[in-house]
Amino acid sequence: MFIKAYIIHNNSKDRYLLRFNICEILKKNMIKYQMISQQEEVIVSSNNFANRLQFFYFCFMRFQFDLRHKMGKRKLKRIFLSFSHLAKLIFNFIFYTNKEISNSLRKIFIENEVTKKHIRAWKDFNSSPAEYIMVFEDDIVCKKSSNKILKKLIKSLKNDPIKNQYIDLAGGYPLKKVIPKNKIIKKSEKIIITDGIYTNTACGYLLSKELIKNWLNHLDKEKFNKNFPIDFLMNYLGDKIKLKLISKHFKDSIFLHGSFNGKVNSWQTVFNFKNTI
């Protein structure tokens, strides 16, 4: 078995067809796949002040990490943006209603549960004979060209394997928002390759066993308890692991991230709050 795939979902009936479509493409490419859906119930405390403190802490720590990851040594800009974001959070801490804080915190907790599902997929893959893992969330949308391009990607991995790489499969954000210019080591009409791990979203990605094994070892040693969304976690682990790593982004992604292009209703839209993270 060369590749094993995992589909992360919450049994949403609205996304059944999306899951069916990605499964069909995986079958065509003789890729064994597994569904991962079970997660703990998300409960937000009734202690409003404690919720505000948690909200403030999670938002600030996530922003700080993302800033360090993307800004690197540009300390003055990091300091300016940190104070700017801190002022915004203090304003939100004081003036947001209890409902807005509760909804924001619930979103963070759901993201944490999704992260746990991705890690479960990594652990299952690590004990399998497969060499690469593909992970898809259930808002992934298959394009007419997806099967054809995926076949080419799999063939290229067999002919010229690069063990320590992250390959984004579904895009999401504009690449200029994701990739620092100074980290680009190759750019062509179709792809951008970066030095280090720079995820877009976690809607669809491919990783090698060597990388997953290193990441899981690090999580075990650190007794990991950081509350990161999965894309933040992959960036965090990429920074922590002392290996030569690369990321590959297709300018025209193999699949579409449906929640970004409006083809899929995101679960996040049920939370009526402003973007604070």
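Reader: Does M30 count as buried or exposed, and what is the relative accessibility behind that label?

Author: Please keep in mind from the start that this is a predicted model. M30 lies in the loop between α1 and β2 (32–36), and M30 has a positive phi of about 55° although M30 is not a glycine. A residue is called exposed when its relative accessible area is over 50%, so M30, at 76% relative accessibility, counts as exposed.

Reader: How many residues apart are K27 and E24, which form a salt bridge?

Author: The closest N and O atoms of K27 and E24 are 3.4 Å apart, which is within the 4 Å that a salt bridge requires. K27 is partly exposed, with a relative accessible area of 45%, and E24 also counts as partly exposed, at 26% relative accessibility. Both residues lie in helix α1, where about one turn of the helix separates them, and their spacing is three residues.

Reader: In helix α4, E113 and K116 also meet in a salt bridge; which of the two is buried?

Author: The side chains of E113 and K116 meet at 3.0 Å, N to O, and because the two residues are three apart in helix α4, they are separated by about one helical turn. The cut-off for buried is under 20% relative accessible area, and K116, at 40% relative accessibility, therefore counts as partly exposed. With a relative accessible area of 9%, the buried one is E113.

Reader: Which salt bridge links distant parts of the chain?

Author: Here the side chains of R62 and E111 meet, with 2.6 Å from N to O. The pair joins helix α2 (residues 48–71), where R62 is found, to helix α4 (residues 98–126), where E111 is found, and the two are 49 residues apart. Both of these residues are buried, and the bridge that you asked for is the one between R62 and E111.

Reader: How many disulfides does the structure hold, and how far from C23 is the nearest cysteine sulfur?

Author: A disulfide is a covalent bond between the sulfur atoms of two cysteines. The structure holds zero disulfides. C23 is in none, and the nearest cysteine sulfur, which belongs to C142, is at a distance of 9.2 Å.

Reader: Is C203 buried or exposed, and how far away is its nearest cysteine sulfur?

Author: C203 counts as buried, because its relative accessibility is 0%. C203 is in no disulfide, and the nearest cysteine sulfur, again that of C142, is away by 9.9 Å.

Reader: Which residues gather in the patch of positive charge on the surface?

Author: One member, K251, lies in the loop between β9 (246–250) and β10 (255–257). K251 is partly exposed, since its relative accessible area is 41%. The residues that gather in this patch are K176, K177, K181, K187 and K251.

Reader: What accessible area do the residues of the nonpolar patch have together?

Author: One of the members is F91, whose place is in helix α3 (residues 75–95), and F91 is partly exposed because its relative accessible area is 47%. Together I90, F91, I94 and F95 form this nonpolar patch on the surface, with an accessible area of about 420 Å².

Reader: How far apart are the C-alpha atoms of G258 and L18?

Author: G258 has its place in helix α9 (residues 258–261), and G258 is buried, because its relative accessible area is 0%. Along the chain G258 and L18 are 240 residues apart, whereas their C-alpha atoms are separated by 9.5 Å.

How values were computed: Residues are numbered from 1 along each chain as its sequence is written. This is a predicted model: local features need pLDDT of at least 70, side-chain atom pairs count only at pLDDT 80 or more; totals for chains, interfaces and linings use all residues. Side-chain values use heavy atoms; hydrogens and water are left out. Helices (H or I, at least four residues) and strands (E, at least two) are DSSP runs, numbered from the N terminus. Buried means under 20% relative accessible area, exposed over 50%, partly exposed in between (1.4 Å probe, protein chains only). Patches are made of residues with over 30% relative accessible area and no salt bridge: like charges are joined within 9 Å, nonpolar side chains (Val, Leu, Ile, Met, Phe, Trp, Tyr) within 5 Å. Accessible areas come from the Shrake-Rupley method with a 1.4 Å probe; for residues, only the protein chains shown count as cover. Lys and Arg count as positive and Asp and Glu as negative; His and the chain ends are not counted. The place of a charge is taken as NZ of Lys, CZ of Arg, CG of Asp or CD of Glu. A disulfide is a pair of cysteine sulfur atoms within 2.5 Å.
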